[in-house]
Amino acid sequence: EMKKDSANWKLGFLDINTVHREFSPFIAGDELFFSSNKPLNKKTKASGWDGDNYTRLWKVPIASLHNMTEDQIKATQPLKTVTKSKKSGSKTLAGVYEGADTKPHNSDAGNQNDQRYVSEKNSTAATLVDGLNGIKYNAGAISMDKKSHFYFSANYPKSENGINRIRLMEGIYTSSGITKKHALPFGNPKSYSVMHPAVNQDGTILVFSSDKPEGKGGCDLYYAKRSDVNQPWGELLTFKAK
C-alpha cells in the first residue's frame with residue numbers, strides 16, 4: 001500500500017545528520033527546527049546516566065539542506081571524542097539507550113567514568129536555538145503557531161523519588177532566540193509527564209501526549225483550548241471515541 005506512489009517520492013539523508021541523534025523535525029517559515037544531543041562548541045558535562053549530551057534545539061535554513069548517502073555521512077562525521085574524568089574510581093555506564101527500533105550508531109560507554117566530557121566541533125550548518133541555557137537536562141520536540149508562540153518538552157528541574165518527568169514549556173520565538181519562557185500547568189512531577197506538543201496555527205488548540213494515570217494506555221493524547229493567544233490555556237481534555 002505504501003509503495004503505490006513511491007515514484008513520487010525521493011528519500012535520502014539530510015546533511016545535518018551526525019553520529020548523534022537528530023529527531024522531531026518542525027518547519028517554520030524558511031527554517032527547519034529539530035532536536036539533537038550532539039555536543040556544543042565547548043566542553044560540556046555529559047549525562048552521568050548514559051554518557052551522552054543532553055538534548056537541545058537546533059535550526060538550519062531549509063535552502064542550505066542537501067541529501068547525502070549513509071556512506072557519505074559516515075565518512076564525513078567524526079565519532080564522539082571522550083575524555084575520562086580525573087576523578088578517582090570508576091563506574092560502568094549503561095549502554096546508549098535508543099527509544100526506537102534502530103541500533104545505536106556508536107556505544108562506547110564501556111568502562112568509562114560516570115563524569116564524562118564530550119567535545120566536538122559542529123560540522124553542519126545548523127545553529128543552536130538560543131534562550132534555553134537555563135533549562136536543566138533535556139529540551140526538545142517543538143511546535144509553533146503563526147504568532148511565533150513556541151512550545152517544547154523539557155525535564156522538570158528536580159527529580160521526584162529518582163524519576164525526572166517531562167513538562168511542557170511555552171515561549172516566544174524571535175531570530176535571536178526564545179524569550180518569555182514559562183511552564184504550562186498540565187504535568188505533575190510526582191505522578192505523570194506531558195510532552196510532544198502540537199499546536200494549531202491560531203495558537204488556540206494544543207495537543208500533547210501524557211502518561212496520566214487515568215488514561216487508556218501507557219501514553220494517550222490530550223488537548224487544551226483557549227479563545228485566543230492572549231488567554232491562559234483551559235483544562236486538560238481527553239479525546240472521546242466515536
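**View A. Glu170 and Arg226 are both buried.** Buried means a relative accessible area under 20%, exposed means over 50%, and partly exposed lies in between, with a 1.4 Å probe and protein chains only. The model is predicted: local features need pLDDT of at least 70 and side-chain atom pairs count only at pLDDT 80 or more, whereas totals for chains, interfaces and linings use all residues. Residues are numbered from 1 along each chain as its sequence is written, and side-chain values use heavy atoms, with hydrogens and water left out. The side chains of Glu170 and Arg226 meet in a salt bridge, at 3.5 Å from N to O. Glu170 belongs to strand E12 (residues 166–174) and Arg226 to the loop between strand E16 (220–225) and strand E17 (237–238), so the pair joins distant parts of the chain that are 56 residues apart. A salt bridge is a side-chain nitrogen of Lys or Arg within 4 Å of a carboxyl oxygen of Asp or Glu. Strands (E, at least two residues) and helices (H or I, at least four) are DSSP runs, numbered from the N terminus.

**View B. Lys212 and Glu214 form a salt bridge.** The distance from N to O in this pair is 2.3 Å. Lys212 has a relative accessibility of 15% and therefore counts as buried. Glu214, in contrast, is exposed, with a relative accessible area of 54%. In total, the structure holds four salt bridges.

**View C. Glu31 and Lys59 form a salt bridge between two strands.** The closest N and O atoms of Glu31 and Lys59 are 3.9 Å apart. Because Glu31 lies in strand E3 and Lys59 in strand E5, the pair ties together parts that are 28 residues apart in sequence. Both residues count as buried: the relative accessibility is 18% for Glu31 and 12% for Lys59.

**View D. Strands E2, E3, E5 and E9 make up an open antiparallel sheet.** The order of the four strands is E2-E3-E5-E9. At the edges stand strand E2 (22–28) and strand E9 (127–128), each of which pairs on one side only. Two strands count as paired if DSSP finds at least two bridges between them. Strand E3 (residues 31–36) and strand E5 (residues 56–61) run antiparallel and are joined by six bridges. Glu31 stands opposite Pro61, and Leu32 stands opposite Val60.

**View E. Lys38 lies over the face of Trp58.** Lys38 is placed at 4.4 Å from the ring centre of Trp58. A charge sits over a ring if NZ of Lys or CZ of Arg is within 6 Å of the ring centre and within 35 degrees of the ring normal.

**View F. Strands E10, E11, E12 and E13 make up an open sheet with antiparallel pairing.** The order of the four strands is E10-E11-E12-E13. Strand E10 (139–144) and strand E13 (177–183) stand at the edges with a single partner strand each, so one side of each has no neighbour in the sheet. On average, neighbouring strands of this sheet are turned by 30 degrees against each other, direction ignored. E10 pairs with strand E11 (residues 149–155) in the antiparallel sense over five bridges. Met144 has Phe150 of E11 as its bridge partner.

**View G. Phe33, Phe150, Phe152 and Tyr173 are linked into a cluster by ring pairs.** Rings of Phe, Tyr and Trp (its six-membered ring) pair if their centres lie within 6.5 Å; planes under 30 degrees apart count as stacked, over 60 as edge-to-face and the rest as tilted. The structure holds eight aromatic pairs. One of them joins Phe150 and Phe152 in a tilted arrangement, with 6.2 Å from centre to centre and 55 degrees between the planes. Phe150 is buried, at a relative accessible area of 0%, and Phe152 is buried, at 0%.

**View H. Phe150 and Phe152 are buried, and the rings of Phe186 and Phe208 are stacked.** The ring centres of Phe186 and Phe208 are 5.1 Å apart and the planes stand at 25 degrees, so the pair is stacked. Phe186 lies in the loop between E13 and strand E14 (194–199) and Phe208 in strand E15 (residues 205–210), so the pair ties together parts that are 22 residues apart in sequence. Phe186 counts as buried at 5% relative accessibility, and Phe208 is buried with a relative accessible area of 0%.

Terms used
Axes fitted to C-alpha atoms, helices over the stretch in contact; angles between N-to-C directions.
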